Each structure stands twice: as structure tokens, then as C-alpha cells.
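Please look over the structure below before reading the notes. They are grouped by topic.

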Amino acid sequence: MRGTYAVPYASRGSILGGAETRALEQLIASGGPLSTGSFRDRFEQRFREHIGTRHALSVTSGTVALELAIHLLDLREGDEVVVTPQTFQATAQPLLGLPATVRFCDIDPDSLNMDPVSLKSLINDRTRAVLLVHYGGWSAEMDEILALTRERGIVVVEDCAHALGGRYGGRRPGALGDIGCFSFHASKNITTLGEGGMITFDRDDWAERVDRLRSNEVDGDFLPASPDGLRLGRELLPWMKYASPAYEKVCSDIRRPGTNATLSEAAAAVGLAQLDRLDVLVARRRWIAGRLNEVIERHPYTRTQRPRPGVEHAQHLHTFFVDGPPGLRESVIRGLDERGVEVQLRYLPLHLLPEWRERGHGLGQCPVAEDLWFGQHINLPCQPGLSDAQVDHLVTALDAALRTAVKGLSCLSSM
Ligand SMILES: Cc1ncc(COP(=O)(O)O)c(C=O)c1O
């Protein structure tokens, strides 16, 4: 019944209003730059203060943030990267074009995050990086993961696309590992008008490399040009603002060509206004999740997500599990669909996607992720833009769908 849902799954994950409109009006009225101006500077400053890292560099999407993060790893033939399979394909996609070996790590059955026990079994002398996601906004078990990686110098990349607004032990995702990658896609906890992203870390050398790459410069080794070589210095081209120092150098090894990943001023202006709203947006997500969990816990064969103390869920997704006889999960989904609630299953474990199967991955590699996705896992809408009436509808429909599905079981068993 796509398109006619009383409670659709997040087309917009955020609420946009007067503050965002005023920010755009201010930008237009200012006559100032529409690219690389003060809104971007302020957005990045506010973001790094919020996350608690030395650097936050905005880019055009979460995917680009991940591409740049993986580039910073300087992976070579024989290097290994351990990746969570329970995530959106953008997390691991940049690895497809690289010579490194990917190892998919099984997940914890409650959080759906990388399981530290499985991670431990995959780490070896060739492991260079761990690529994890804070699934749905519940932070991965960072203390245990960092205990395995820190002493071996393994870089931890956090995909924080779901995690903005959450906390782990009082700290923010994106400042827990070595590199954080955020998405401001329309569906996320805040949006920069539909698309946008941010990369966070502490290292100054990484900041220089990312800043060059996002502004159409190459990442390579620059050397002064030899005196008898081509010289196009400032003296020769004094009117060319961009001539120096680039034209006084040569670039030998190129690690990666640059690109234009500049977040527009309009996007940054909206991002600033959205950051002010973040607490309110996440609070509403948590309130909706609380109402859903109350209903779910009244029914048999169900399991809700209950993070342990110290983990503050950013609730980008609401996830629960139907753990009963075969077919029960499908009956619940059908019941919700018939009652006007759009359900999604996020995400088909990555190692089962054709591009990864072609590279030797497949069924049986991550049994927990597979069992949950094929048998138990359900994601319900919980975006803050749902009206109170829609939340009431969702709660009533969920209660009825669960009751009917379980009743169907007892009818079958008495036949
Ligand atoms: C876990 C995860 N990683 C990465 C991305 C990619 O972000 P973007 O859509 O901004 O490129 C998404 C977004 O959809 C995501 O959910």
C-alpha cells in the first residue's frame, strides 16, 4: 500500500521551520558568498564543539565523509579492514575499489552493533582498521572495541550517520574512535536541506588532507619546483590570486585526486539552525520509541532494545524483534501494513549484497546478523515529524497487529 500509509516511514527525519527560513533569508539578504563563507565556518565550529573533536570538516554527504575517511587509512595490498555487516551500503562501499581485504564481523543480538567477541576473533597482524556503525543511534561497545584496537594501532572509523544526539559514557559518538563520519541526509536526525555530511577527528595532518581534497586539490607529495623547471610563480603571474604557492611546486606521487565536496552556504545555514533544534528532535524520537516499547513489551514473543546505563540512544531508528515460531514476524509486518503503517527492514547484511558475494562473502559468515534480519528484525517509523495523531495511530495499529499475529498462532496450534 506504498504511498497511502497513514504512518509513512521517514521521508523527512527532521522538522524544518522558522529558524531555518530566517537563516536562509539572512544568507540571501547579506549578499555574501554562497559557497565557502562564514555559515560553513560557524557550522563546523559549532559541530566540533558539540562532538568534542579538534576538527570537523563539512562535506556534501555522509558517503563522501566515509570515502575520505577510508582514503586517510592509506590501505595497501594485504591490509585488512573489519567491517560491521548491519549497516547501509555506503559504510563499506569505498572499500570495493581498494586492494585491502574486508572481514565482516558478526553483531550483538540486542544492539545490532559490531560484537567485540567476533571482532577479537578477526583481528590479526594485518588488521589496519575497524569500520563500525552506531546502529540506529545506539553507540557500539566502544570501551571493549578500543581495548582491542588501541594497543595494536588499529584505526577505528565510526559511521555516525545515525548517532547524532546520542552519548556513550558521557561522550559523543564521532569523538570516541579515531574518525567520525556524519550524514545530514533528509532522513537523518538533522538535515542540511536534504544532503550533507561531516567528518570529525583530532589529527591536524588529516585535516589538511581532507581540506585539500574537498576543494579540488590533489592529495599527494608536493616538492618545490626545480629552478630550471617550469616556473609560474607570483612574479610571473602577479594578477593570478591562485598562482602561488601551487605553481611553485611540483606534485610527484598522487594518492588521490581531489573533488568538490564543498557544503553550500545555504546547507550550512540550515545546519546551524538544525543543531539548535537537535535536543528537541531527539527527545521526540525517544518519546515515540518509549510509547512503542510500552506496547511491544505487553506481548509475548517480542523483544525491545534496552541500552545499558551510560548509552543514550539517539533513536534514529526504532528497532524491535519478533522472536517466535516461523512466520510470526511476517504476520506482524503484514498486520501493520494492512493498518496503514509502513515498515522497513534496515538493512540487508552487507556481506549478502551481490558486490560482496562476488568477492567471496556470503551466507553463514555472520549468523547472528542473518538470523535476525531474516527472522526477527522490524523497524517502525519514529521520526519527530509524525503528528501526535499519527503516533496514536501507530501505537494502536502495533498493538492490534501483535495481538492478531499471536492469536493466529494459537488458532493454528488448536487445528
Ligand atoms: C549508516 C549509514 N551510513 C552512511 C550513510 C550515507 O549517508 P549519505 O546519505 O549522507 O550519503 C547513511 C545514509 O543514508 C547511513 O544510514
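Into which domains is the protein divided? There are domain 1 (18-215 + 259-266), domain 2 (221-254) and domain 3 (278-413), with bounds that come from an automatic or database domain assignment. This is a predicted model, in which local features need pLDDT of at least 70 and side-chain atom pairs count only at pLDDT 80 or more, while totals for chains, interfaces and linings use all residues. Residues are numbered from 1 along each chain as its sequence is written.

**Domains**
- The C-alpha centres of domain 1 and domain 2 are 34 Å apart.

- Helices (H or I, at least four residues) and strands (E, at least two) are DSSP runs, numbered from the N terminus.
- Two strands pair if DSSP finds at least two bridges between them.
- Strands β4 (residues 127-133) and β5 (residues 155-159) run parallel and are joined by 5 bridges.
- Leu132 has Glu158 in β5 as its bridge partner.

- Another open sheet has 3 strands in the order β11-β13-β14, with antiparallel pairing.
- Its edge strands are β11 (302-304) and β14 (377-380), each of which pairs on one side only.
- Neighbouring strands of this sheet are turned by 30° against each other on average, direction ignored.
- Between β13 (residues 318-322) and β14, which run antiparallel, there are 4 bridges.
- Phe321 has His377 in β14 as its bridge partner.

**Helix α7 and its contacts**
- Helix α1 (residues 18-30) and helix α7 (residues 265-296) have axes that come within 9 Å and cross at roughly 145°.
- This crossing of α1 and α7 is right-handed; a crossing is left-handed if the near helix is turned anticlockwise from the far one by less than a right angle, and right-handed if clockwise.
- The α1 side of the contact consists of Ala19, Glu20, Ala23, Leu24 and Leu27, where contact means that C-beta atoms, placed from the backbone, lie within 7 Å.
- By class, the contact of α1 with α7 has 9 nonpolar, 1 polar and 3 charged residues.
- Ala, Val, Leu, Ile, Met, Phe, Trp, Tyr, Cys and Pro count as nonpolar, Asp, Glu, Lys and Arg as charged, and the others, Gly among them, as polar.
- The axes of helix α2 (residues 38-51) and α7 come within 8 Å and cross at roughly 35°, and this crossing is left-handed.
- Residues of α2 in the contact include Phe39, Phe43 and Phe47.
- By class, the contact of α2 with α7 has 7 nonpolar, 2 polar and 4 charged residues.

**Ligand surroundings**
- The ligand is surrounded by 14 residues, of which the closest are Ser61, Gly62, Thr63, Ala161 and Ser183; a residue is near a molecule if its C-beta atom, placed from the backbone, lies within 6 Å of it.
- This shell divides into 4 nonpolar, 9 polar and 1 charged.

**Backbone details**
- The peptide bond from Arg346 to Tyr347 is cis, with omega near 10°.
- Tyr347 lies in the loop between α8 (328-338) and α9 (354-357).
- Asp74 is not a glycine, although its phi is positive, about 50°.
- Asp74 is placed in the loop between α3 (62-72) and β2 (80-83).

Methods: Axes fitted to C-alpha atoms, helices over the stretch in contact; angles between N-to-C directions. Contact = placed C-beta atoms within 7 Å.
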